[in-house]
Amino acid sequence: MSSDTLAKVATAPPPEGPAPLSDTPHIVPRPRAGQWTAAALVLILLALAANSVVRNEAFQWDVVGDYFTSAAVLRGLGLTLWLTAVVMALGFALGTLLAMARLSANPVLRAVSWGYVWFFRSMPILVQLLFWFNIGALYPQVFGIQTVNLMGPATIAVVGLTLHEAAYAAEVVRGGILSVDRGQIEAAQSLGLGRWRRWRRIVLPQAMRSIVPPAGNMLIGTLKGTSIVSVIAVQDLLYSVQLVYHRTYQVIPLLMVATIWYVVVTSVLSVGQHYVERHYARGSERTR
């Protein structure tokens, strides 16, 4: 073949019609019959369980509806929410101080902070509440005031839960602070920013990304954990429904009232936690 013929062939337009198929084989995923079967089985079991709960007369859903918004239950719910808010606020305030002491260069502060966290994480919260409830046996008077009059059941609940939560909050805050890159703190120092401005503008905004998720879990755990104060006669949500079913003997429906309220409040807090996490995750790759 001559050179002119080769040149014409090389410059000729491509033939009309569909493009040739690629030599790469088309990958077809394997059918996942086992997964779909398992999913269908789970849905069937969930439907059967839901049908059993709804149609079981022992739950007495009419009684649940009657007491769900009763005055006694709402008062108990209000005290539960108040106790949760106070304990979380005081617990994180004390926990932040403990975290700063743990990160301090002072060995005494570090040792005291470590000892506090170790002690209160080791003691069961129920034991601690019972101890504070019987503190009058050790100290009948404090500053000339009868201990019984100074610390009622609600005060004991706040003190005991706060000391317990502060130990966990200290580790949450300390972990969040340690997650901040040391180089950014040094860069802020080189720019002449004071210690307080470094903490407020550099450390805390970045540390909150690591603090918010476990703090949200602690908030939900504290909400449910307040039910333990019923053992010292604090009229929270659980104790309020207990007072009712001790009188009416309708144990199951009253427990369902408390359960549904816990589920509702926990769900609301979970939604709030999601948006707070999104706020502090702005600018990162995990903003979803």
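User: How many salt bridges does the structure hold?
Analyst: This is a predicted model, and the structure holds two salt bridges.

User: What makes E171 and R102 a salt bridge?
Analyst: Their closest N and O atoms are 3.2 Å apart. The cut-off is within 4 Å, so the pair counts as a salt bridge. E171 sits in helix 8 and R102 in helix 4, 69 residues apart, and the pair links distant parts of the chain.

User: And what makes R174 and E171 a salt bridge?
Analyst: Here the closest N and O atoms are 2.9 Å apart, and the limit is 4 Å, so this pair counts too. Both residues lie in helix 8, three residues apart, about one turn of the helix. Salt bridges that share partners join R102, E171 and R174 into one network.

User: Why is E171 called partly exposed?
Analyst: Its relative accessibility is 21%. Buried needs under 20% and exposed over 50%, so E171 falls in between. R102, at 22%, is partly exposed as well.

User: How do you know that S113 is buried?
Analyst: S113 has a relative accessible area of 3%; that is under 20%, so it's buried. S113 is in helix 5, and beyond its neighbours within four places in sequence, S113 is in contact with L98, A101 and R102.

User: Why are helix 3 and helix 12 called oblique to each other?
Analyst: They pack at an angle of about 55 degrees, with their axes 9 Å apart. Roughly parallel needs under 35 degrees and roughly perpendicular 65 to 115, so the pair ends up as oblique. The residues of this contact divide into eleven nonpolar, no polar and no charged.

Terms used:
Residues numbered from 1 in each chain as written. Predicted model: local features only at pLDDT ≥ 70, side-chain atom pairs only at ≥ 80, totals over all residues. Heavy atoms only, no water. Helix = DSSP H or I, 4+ residues; strand = E, 2+ residues; numbered from the N terminus. Buried < 20%, exposed > 50% of the residue type's maximum accessible area, 1.4 Å probe, protein only. Contact = heavy atoms within 4.5 Å. Axes fitted to C-alpha atoms, helices over the stretch in contact; angles between N-to-C directions. Parallel < 35°, antiparallel > 145°, perpendicular 65-115°, else oblique. Nonpolar A, V, L, I, M, F, W, Y, C, P; charged D, E, K, R; others polar. Salt bridge = Lys/Arg side-chain N within 4 Å of Asp/Glu carboxyl O.
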